[in-house]
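Look over the sequence and the model below, and then work through the exercises, each of which is followed by a solution in steps.

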Amino acid sequence: MTLDTEVSSLKQVPLFREVEPSRLKLLAFTSERVHFEDGQNFFSQGDESDAAYLILEGEAVVSLDGPQGAVQLALLGADALVGEMGILADQPRSATVTATTAVTALRIDRGVFLELLAQFPQIGIAVMRELALRLEQTNRQLASRQGGDR
(Lines give C-alpha, C1' and ligand atoms only; values in the text may rest on other atoms or scores of the structure.)
Protein backbone atom coordinates (compact mmCIF):
# COMPACT_ATOMS: atom_id res chain seq x y z
CA MET A 1 0.00 0.00 0.00
CA THR A 2 1.35 3.43 -0.94
CA LEU A 3 1.88 6.23 1.55
CA ASP A 4 -0.83 8.32 -0.15
CA THR A 5 -3.33 5.46 0.15
CA GLU A 6 -2.42 5.10 3.82
CA VAL A 7 -2.98 8.85 4.35
CA SER A 8 -6.38 8.56 2.62
CA SER A 9 -7.30 5.73 4.99
CA LEU A 10 -6.24 7.79 8.02
CA LYS A 11 -8.31 10.79 6.85
CA GLN A 12 -11.42 8.59 7.12
CA VAL A 13 -10.81 7.97 10.83
CA PRO A 14 -12.71 10.51 12.99
CA LEU A 15 -9.76 10.80 15.40
CA PHE A 16 -7.50 12.09 12.60
CA ARG A 17 -9.91 14.19 10.49
CA GLU A 18 -8.49 17.50 11.75
CA VAL A 19 -4.85 16.52 11.26
CA GLU A 20 -3.13 18.05 8.26
CA PRO A 21 -2.10 15.65 5.45
CA SER A 22 1.65 16.20 5.98
CA ARG A 23 1.30 15.03 9.59
CA LEU A 24 -0.81 12.07 8.52
CA LYS A 25 1.90 11.15 6.03
CA LEU A 26 4.43 11.19 8.87
CA LEU A 27 2.10 9.03 11.00
CA ALA A 28 1.64 6.59 8.12
CA PHE A 29 5.39 6.48 7.55
CA THR A 30 6.24 5.88 11.23
CA SER A 31 3.44 3.37 11.86
CA GLU A 32 3.18 -0.22 10.76
CA ARG A 33 0.22 -1.84 9.04
CA VAL A 34 -0.36 -5.20 10.73
CA HIS A 35 -2.75 -8.10 10.17
CA PHE A 36 -4.37 -10.40 12.71
CA GLU A 37 -6.24 -13.61 11.97
CA ASP A 38 -9.48 -14.57 13.71
CA GLY A 39 -8.54 -15.66 17.25
CA GLN A 40 -5.12 -13.99 17.26
CA ASN A 41 -4.29 -11.59 20.11
CA PHE A 42 -3.17 -8.03 19.47
CA PHE A 43 -1.81 -8.22 23.01
CA SER A 44 -2.59 -9.92 26.33
CA GLN A 45 -3.46 -8.56 29.74
CA GLY A 46 -0.21 -7.82 31.59
CA ASP A 47 1.90 -7.28 28.45
CA GLU A 48 4.07 -4.18 28.09
CA SER A 49 2.18 -1.19 26.65
CA ASP A 50 4.47 -0.54 23.71
CA ALA A 51 1.96 0.56 21.05
CA ALA A 52 -1.61 1.57 20.30
CA TYR A 53 -3.56 -0.02 17.46
CA LEU A 54 -6.05 1.65 15.17
CA ILE A 55 -8.41 -0.92 13.66
CA LEU A 56 -8.82 -0.18 9.95
CA GLU A 57 -10.85 -3.28 9.00
CA GLY A 58 -12.37 -6.15 10.95
CA GLU A 59 -13.46 -6.64 14.55
CA ALA A 60 -11.82 -7.45 17.86
CA VAL A 61 -13.03 -8.23 21.36
CA VAL A 62 -11.66 -6.68 24.56
CA SER A 63 -11.66 -9.05 27.54
CA LEU A 64 -10.39 -9.27 31.10
CA ASP A 65 -9.13 -12.35 32.90
CA GLY A 66 -11.47 -12.95 35.83
CA PRO A 67 -11.83 -15.64 38.51
CA GLN A 68 -14.40 -17.49 36.37
CA GLY A 69 -12.47 -16.99 33.11
CA ALA A 70 -12.42 -14.24 30.51
CA VAL A 71 -15.03 -11.47 30.77
CA GLN A 72 -15.89 -9.72 27.51
CA LEU A 73 -15.89 -5.92 27.88
CA ALA A 74 -16.39 -4.64 24.35
CA LEU A 75 -16.53 -5.53 20.68
CA LEU A 76 -14.64 -3.03 18.52
CA GLY A 77 -14.67 -2.40 14.78
CA ALA A 78 -13.20 -0.08 12.17
CA ASP A 79 -11.79 3.26 13.43
CA ALA A 80 -11.50 2.00 17.02
CA LEU A 81 -8.30 2.77 18.92
CA VAL A 82 -7.03 0.14 21.37
CA GLY A 83 -4.00 -0.02 23.62
CA GLU A 84 -3.88 3.67 24.39
CA MET A 85 -4.86 3.26 28.05
CA GLY A 86 -1.65 1.45 28.98
CA ILE A 87 0.44 4.07 27.18
CA LEU A 88 -1.32 6.97 28.89
CA ALA A 89 -1.20 5.32 32.33
CA ASP A 90 2.35 4.04 31.79
CA GLN A 91 1.13 0.63 32.96
CA PRO A 92 1.02 -2.91 31.54
CA ARG A 93 -1.98 -3.87 29.42
CA SER A 94 -5.17 -3.91 31.48
CA ALA A 95 -7.03 -6.23 29.10
CA THR A 96 -6.57 -8.69 26.25
CA VAL A 97 -7.61 -7.72 22.71
CA THR A 98 -8.35 -10.58 20.31
CA ALA A 99 -9.36 -10.46 16.65
CA THR A 100 -12.82 -11.98 16.05
CA THR A 101 -12.43 -11.65 12.27
CA ALA A 102 -9.46 -10.99 10.03
CA VAL A 103 -8.22 -7.54 11.14
CA THR A 104 -6.05 -4.94 9.49
CA ALA A 105 -4.74 -2.37 11.96
CA LEU A 106 -2.20 0.39 12.18
CA ARG A 107 0.36 -0.19 14.94
CA ILE A 108 1.36 3.18 16.40
CA ASP A 109 4.50 2.99 18.50
CA ARG A 110 4.28 4.40 22.04
CA GLY A 111 6.63 7.34 21.32
CA VAL A 112 4.82 8.28 18.11
CA PHE A 113 1.44 8.10 19.88
CA LEU A 114 2.61 10.36 22.73
CA GLU A 115 4.13 12.82 20.24
CA LEU A 116 0.86 12.87 18.30
CA LEU A 117 -1.05 13.78 21.47
CA ALA A 118 1.47 16.50 22.32
CA GLN A 119 1.30 18.07 18.86
CA PHE A 120 -2.46 17.83 18.33
CA PRO A 121 -4.58 18.76 21.34
CA GLN A 122 -7.75 17.89 19.38
CA ILE A 123 -6.57 14.27 19.16
CA GLY A 124 -5.87 14.28 22.90
CA ILE A 125 -9.37 15.60 23.56
CA ALA A 126 -10.91 12.95 21.29
CA VAL A 127 -8.95 10.21 23.10
CA MET A 128 -10.06 11.59 26.51
CA ARG A 129 -13.67 11.72 25.31
CA GLU A 130 -13.48 8.08 24.18
CA LEU A 131 -11.93 7.01 27.50
CA ALA A 132 -14.63 8.88 29.43
CA LEU A 133 -17.34 7.15 27.38
CA ARG A 134 -15.75 3.76 28.06
CA LEU A 135 -15.60 4.51 31.78
CA GLU A 136 -19.24 5.59 31.80
CA GLN A 137 -20.23 2.40 29.93
CA THR A 138 -18.25 0.26 32.38
CA ASN A 139 -19.89 2.03 35.33
CA ARG A 140 -23.34 1.30 33.88
CA GLN A 141 -22.43 -2.37 33.34
CA LEU A 142 -21.17 -2.66 36.92
CA ALA A 143 -24.26 -0.96 38.30
CA SER A 144 -26.59 -3.27 36.36
CA ARG A 145 -24.66 -6.33 37.58
CA GLN A 146 -24.75 -5.09 41.16
CA GLY A 147 -28.48 -4.54 40.87
CA GLY A 148 -28.91 -8.14 39.69
CA ASP A 149 -26.88 -9.51 42.63
CA ARG A 150 -29.19 -8.20 45.33
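**Exercise 1.** Which residue in β8 does His35 stand opposite?

*Solution.* This is a predicted model, in which local features need pLDDT of at least 70 and side-chain atom pairs count only at pLDDT 80 or more, while totals for chains, interfaces and linings use all residues. Residues are numbered from 1 along each chain as its sequence is written, and side-chain values use heavy atoms, with hydrogens and water left out. Helices (H or I, at least four residues) and strands (E, at least two) are DSSP runs, numbered from the N terminus. The residue opposite His35 is Thr104. Strand β8 (residues 103-109) pairs with β1 in the antiparallel sense over 5 bridges, where pairing requires that DSSP finds at least two bridges between two strands.

**Exercise 2.** Which residues of helix α2 are buried, and what covers them?

*Solution.* In α2 (residues 21-30), the residues Leu24, Leu27 and Ala28 are buried, meaning under 20% relative accessible area (1.4 Å probe, protein chains only). Seen down the helix axis, the buried residues of α2 fall within an arc of 100° (taken from the directions from the axis to the C-beta atoms), so they line one face of the helix. Their cover includes α1 (3-11), β8 and α4, with contact meaning heavy atoms within 4.5 Å.

Note on methods:
Buried means under 20% relative accessible area, exposed over 50%, partly exposed in between (1.4 Å probe, protein chains only).
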